[in-house]
Amino acid sequence: MNLLDVLIQHSPPLIVAVPLLGAFLTPLVGRINEKVRNIFALVMISITGFFIALLASDVFTNGPRVYVFGAQNLTLPVVRVLFEVDSLSIFMAIVTFILAFVALVYSWSFMKENDGLDKYYTLVLLVVASTLGMELTGDIFNFFVFLEISCISSCALIAFWVHKGESLEAAFKYIVISSIGALFVLFAVGIFYAQYNALNIATLANVIQFTFLDKVALVLLVVVLGMKAGLVPMHMWLPDSYGEAPPSVTIVIIGATQASLYGVFRMCFTLYSGAFQNITISESTIGLIIIMLALLTILIGVLMALIQTDFRRLIGFVAVAEIGYIFLTIGVGLVTLHDPDMIEVGKTAMQGGIFHIINDCLDVGLLFLVAGAIYYATRETSLNEMSGLARNMRCTTIFFLIGLLAVSGIPPMNGFASKLLIYQSTYQLNPIISIIAILASIMLLAIFVKVFYSAFLGPKISKFENVKEVSKSMLIGMGVVSCIIIIFGLFPNIVIHYLVEPAVNALLNNAQYISVVLGGV
Amino acid sequence: MSEMSKIVRTISNVIFPLITIFGLYVIAHGHLTPGGGFQGGAVVASGCIMLLAAYGSAWAFERIKEKRLTAFESLGAVWFIGVAFLGLFVGGIFFANFLVGLKLFDNFTLFGNIPVVGSTLADINTGGVLPLMNFAVGLKVIAGLFAVVLVMAYASSLKEWKK
Amino acid sequence: MLSLESLLETLKTGSGFWNPVVWVVAIAIIFLLVYILRGFGKKDYKKETGQTQAFLSGNPEYEKKELMHVKGSNVYWGFTETLKSVYDVLKKMHNGNASDYVLWFLIIMAVVFIFVGLI
Amino acid sequence: MIYNIPFIAVVVMIFIGLYAVVFRRNLIKMVIGITIIECGVNLFLITLGYREGGVAPIYTSLPKGTRYPSEMVLPVPQALTLTSIVIGVAVLALMLSLVMHIYKHYGTLDVRKIRRLKE
């Protein structure tokens, strides 16, 4: 057994433990020097990325991996705390890592003038650790614990600018709704434990029936995780908190939101898949409800974004609309996957949805970074006040254009590839769904044309005479995201073939997920 | 918060050591009886908060720096996760209980005894790494809870000073 | 593993396909054509005269730049005015009250529960 | 029937908490409501682990003649509850400090007046 094997074997806990250790060491390191602390946080995230890459190379070739805490082998798998990593989990971990790395690079100079930065870096690393934990865990109670940690730490991050009343208000709304939601998740965990005496997802998926209590738990889980992801009409906290958090961490909070989305995928397609295969009617029901809510999400998100005047709040509503596309694919998958004739449609939809997760993170994240850059340069967030910024901030304008084209799904950007998969699959289910989706996509373009016209073009106002281009670390952060967007846009086939398809196959291959845990007994 | 009457101060002076000892007992016996780091830490922290309430916040700000508490809190967390990492390096698996049955010197075991079955006097020297983790959690909870209340007292006393 | 052929492969989307590289090449060719066509244009216009001024339906250009600024909330005025009834409902929905957020959450949970439990 | 009383209490507590969150205007009362919901869920978990006549799940000091594990209460729900309580303390502290700051900025604790973020 060489060193590489040992590292791969131990990387699932280390992926979560390294940022956690970094989070707790940051206040101690911060006593030395500010620069040392920033470098320390970056190094910790990079080590995490190294482990993620190692684990990804293994999981994509050899299938799911299990790590049991505190035990050498897999005895008593029902009560042990374990991490189970399959291709979907590691895909989400890669997304989270990219977002966290960009956020830390970006905040180097963005947050320079704030004080209390020790706590800031601690919280960012905590959010990253808990998000990764949600994605890698194979235990439903552990999932709840990480959900709560991410909720608490991202709430504290949203309220980081304490001198602004609005950010406190947004944080309070966020913590009220998400702590209530998390308590309902705990209730669902209790229901599972009462019925099956087990807590890990694989064991539960093996034995689950579709009893009345299971239906209750399904509704609780789907609604709560949908709320945490921003499903209309439970989305109101999302533009508030995205709009008021410091823009450098909004991109991390987007990652935490996508982890809830991962939870919906995991619960619907792994935990309940055995139950769904027997009873088709209920499966279609919850699938249809999710499709309805997703269409509502897309429409309302777009309509509300059109009338916003605050730049960051506008992007928050756009993020809501983008989440709708992913929920659409979940619904289409639930409706079609049990039907042998339609299974290809469902697979295409799932590919589109999972590809859209990473695209959504990158595109919306890039737009938030641009909004942050404008705020940094002008101290202005209202679109009514901005004008003619393209003259002084050339690089930022180019990044904004890339983000605009990507979000609204204009070829050849990455947003188009995933949206094309979604349109194609939903058209085969029902043409009206795809028509609404395309219409909303056009309106997204219209929204950002408005932003581009009013903020970047227009006459040069005397107030913005001395606006300068933002500093290098922010440009590097935006540049990294833009490069990934362009590469994903030019070669979508590579991404689908090497990242997305294994994730979809792992999600649909439920027997493998179960047998990795239970087969070893 | 302002200072309370002399009766309250005297009584809290008397009770404070008892509360602290009880809390430390709960922390130290966490691996044997119901309780543990969080519960014991909460008891000790509530003792400290009682002193804060009796003597007023101005008295506390002179003596206790919030930054020092934060450092203790980080220390507790680092200790906890450090023990988990030690499990990886010594025991070969994350969170492994590597201390059980581990002979350090001649015949000395640190928390490594195998407990006797039956209703006997409790042997604290059991449990492997669990007591160590309990101490870490206890430290973190004492510092964290007290820091929370201290900061809240500070924030609410700001308004009093304005008047 | 990664070869040139795999980079140029076409993405199959069930019933369609998508190849961005071909698209980019097409865009490049179109830009080249446009550039060549632009070369045929007249080059003898004079700067700083009426030939380069903006045409605002015959109105004079304002001296003060701030007055020329179209504010963000005015850009889609016609659209929002037409859909006023929809927007009134939407604005009433987003009233910013934390209790109502929780209420919406409970309503949706009840609705989904009724659908899943009864049907 | 007697063993269903805790479950009825759970439902009652959750609904009381939700009532407080949705219909009370004072932020502090909303926070109390959330805590009541949390207590209800914790009671639910503890009730799941209860066995009639069970003893505390400590292996080394079982009373003579008890058969384990069939005569011990379940330890896992208790561990879950403890974790949930710890998280609850953190959430409570965070919410209360947010309420304090909000009062400083808005000068009120009425949830209907704390809505600068709307539409």
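1. Chains B and C. No contact joins chain B and chain C in this predicted model. The closest C-alpha atoms of chain B and chain C lie 23 Å apart.

2. Chains in contact. There are five pairs of chains in contact, and chains A and C share the most contacts among them. The contact between these two chains takes 43 residues from chain C and 54 residues from chain A. On the chain C side, α1 (4-7), α2 (20-39), α4 (84-93) and α5 each supply at least two residues. The largest share of that side comes from α5(C), with 12 residues. By class, the side of chain C that touches chain A divides into 27 nonpolar, 12 polar and four charged residues.

3. Chains C and D. Here 10 residues come from chain C and nine residues from chain D. Helix α5 of chain C (residues 98-118) gives the largest share of the side of chain C that touches chain D, namely five residues. That side is made up of four nonpolar, five polar and one charged residues.

4. Chain C on its own. Chain C has five helices and two strands. What is the order of the elements of chain C from the N terminus on? They run α-β-β-α-α-α-α. Of the 119 residues of chain C, 11% count as buried.

5. Strands in chain A. Strand β1 (residues 65-68) and strand β2 (residues 82-85) of chain A pair in the antiparallel sense, over four bridges. In this pairing, A:Phe83 in β2(A) is the bridge partner of A:Tyr67. In a regular strand the side chains alternate between the two faces of the sheet. Are the faces of strand β2 of chain A covered or open? Both are covered: A:Leu82 and A:Glu84 are buried on one side, and A:Phe83 and A:Val85 are buried on the other.

6. Helices α3 and α18 of chain A. Helix α3 (residues 87-110) and helix α18 (residues 472-490) of chain A pack at an angle of about 155°, and their axes are 6 Å apart. Angles over 145 degrees count as roughly antiparallel, so α3(A) and α18(A) are roughly antiparallel to each other. The crossing in which α3(A) passes α18(A) is left-handed. From α3(A), the residues that meet α18(A) are A:Ile98, A:Val102, A:Val105, A:Tyr106, A:Trp108, A:Ser109 and A:Phe110. Their counterparts in α18(A) are A:Ser473, A:Met474, A:Ile476, A:Gly477, A:Val480, A:Val481 and A:Ile484. The contact of α3(A) with α18(A) has 11 nonpolar and three polar residues, and no charged residues.

7. A residue of α18. A:Lys472 lies in helix α18 of chain A. Is A:Lys472 buried or exposed? A:Lys472 counts as exposed because it has 12 C-beta neighbours inside 10 Å, and a residue with 12 or fewer falls in that class. A:Lys472 and A:Ser57 are 415 residues apart along the chain, and their C-alpha atoms are separated by 32 Å.

8. Helices α6 and α8 of chain A. The axes of helix α6 (residues 165-196) and helix α8 (residues 212-229) of chain A come within 9 Å and cross at roughly 155°. That angle makes α6(A) roughly antiparallel to α8(A). The crossing of α6(A) and α8(A) is left-handed. Among the residues of α6(A) that meet α8(A) are A:Ile177, A:Gly181, A:Phe184, A:Ala188 and A:Gln195. On the α8(A) side, the residues include A:Leu213, A:Val216, A:Leu220, A:Val224 and A:Lys228. By class, the contact of α6(A) with α8(A) has 14 nonpolar, three polar and one charged residues.

9. A loop residue of chain D. D:Ala56 is placed in the loop between α2 (27-48) and α3 (75-106) of chain D. With 13 other C-beta atoms within 10 Å, D:Ala56 is partly exposed. Not counting residues up to four places away in sequence, D:Ala56 touches B:Pro34 and D:Val73. D:Ala56 and D:Glu71 are 15 residues apart along the chain, and their C-alpha atoms are separated by 9.2 Å.

Conventions. Residues numbered from 1 in each chain as written. Chains lettered and ligands numbered in written order. Predicted model: local features only at pLDDT ≥ 70, side-chain atom pairs only at ≥ 80, totals over all residues. Buried ≥ 20, exposed ≤ 12 C-beta atoms within 10 Å, placed from the backbone. Pairing = 2+ DSSP bridges. Contact = placed C-beta atoms within 7 Å. Nonpolar A, V, L, I, M, F, W, Y, C, P; charged D, E, K, R; others polar. Axes fitted to C-alpha atoms, helices over the stretch in contact; angles between N-to-C directions. Parallel < 35°, antiparallel > 145°, perpendicular 65-115°, else oblique. Left-handed = near helix turned anticlockwise from the far one by under 90°.
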